[in-house]
Amino acid sequence: MMNLELLKDRQRTVVEEFGPWTASNIHLADHFYTIGEHIHGDEVKLRRILQVVSDTVSKPLEAIRLLDLACHEGIYAIEFARHGANVFGIEGRQAHIEKAMFVKDALSLSNVDFVQDDVRNLSKAKYGSFDVVLCLGILSLGCA
């Protein structure tokens with residue numbers, strides 16, 4: 001992990017270029033988060049998703065390949081990577097990919113990757129196969 005002042009400088013650069021984090025308050029270092037130390041929200045949901053996946057798959061998280069579709073700023077992908085899963089996140093907005101990549105680098109996570117793509121372009125030939133697919137952030141509008 002990089003030193004705290006360098007981390008804060010890099011975060012400021014990301015925010016200046018791509019805007020602030022709006023949904024993923026990820027712990028980066030002692031008393032340092034992507035949104036703020038005293039901002040709470042998705043911790044319970046995050047723990048529940050981790051538990052459901054852990055209870056459902058027939059192997060340890062370290063042995064699974066997980067896809068996070070429409071991963072937004074990467075909170076679920078990052079958390080599963082922190083628990084040892086091999087993770088791949090697909091997100092349509094480049095600004096969110098940049099924020100997720102910043103967190104990946106800040107936490108020195110080599111087992112998570114992010115790509116900007118439309119989830120409708122998903123195919124086994126393009127991205128391979130996965131043990132778990134999370135679809136937690138996709139907004140689907142009805143088609144006539």
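Me: Is the crossing of H2 and H3 left-handed or right-handed?

Reply: Right-handed, meaning that the near helix is turned clockwise from the far one by less than a right angle. Helices here are DSSP runs of H or I, at least four residues, numbered from the N terminus, and strands are runs of E, at least two. This is a predicted model, where local features need pLDDT of at least 70, side-chain atom pairs count only at pLDDT 80 or more, and totals for chains, interfaces and linings use all residues. Residues are numbered from 1 along each chain as its sequence is written, and side-chain values use heavy atoms, without hydrogens or water.

Me: What angle do H2 and H3 pack at?

Reply: About 55°, with the axes 11 Å apart; axes are lines fitted to C-alpha atoms over the stretch in contact, and angles run from 0 to 180 degrees between N-to-C directions.

Me: Which residues make the contact?

Reply: Lys45, Leu46, Ile49, Leu50 and Val53 of H2, with Ile75, Tyr76, Glu79 and Phe80 of H3. Contact means heavy atoms within 4.5 Å.

Me: And which residues of H2 are buried?

Reply: Leu46, Ile49, Leu50 and Val53, buried being under 20% relative accessible area with a 1.4 Å probe, protein chains only. They fall within an arc of 95° seen down the axis, so they line one face of H2; the arc uses directions from the axis to the C-beta atoms.

Me: What else do they pack against, besides H3?

Reply: Strand S6 (132–134).

Me: New topic. Where is leucine 28?

Reply: In strand S1, residues 27–29. Leucine 28 is buried, at 1% relative accessible area.

Definitions and conventions
Buried means under 20% relative accessible area, exposed over 50%, partly exposed in between (1.4 Å probe, protein chains only).
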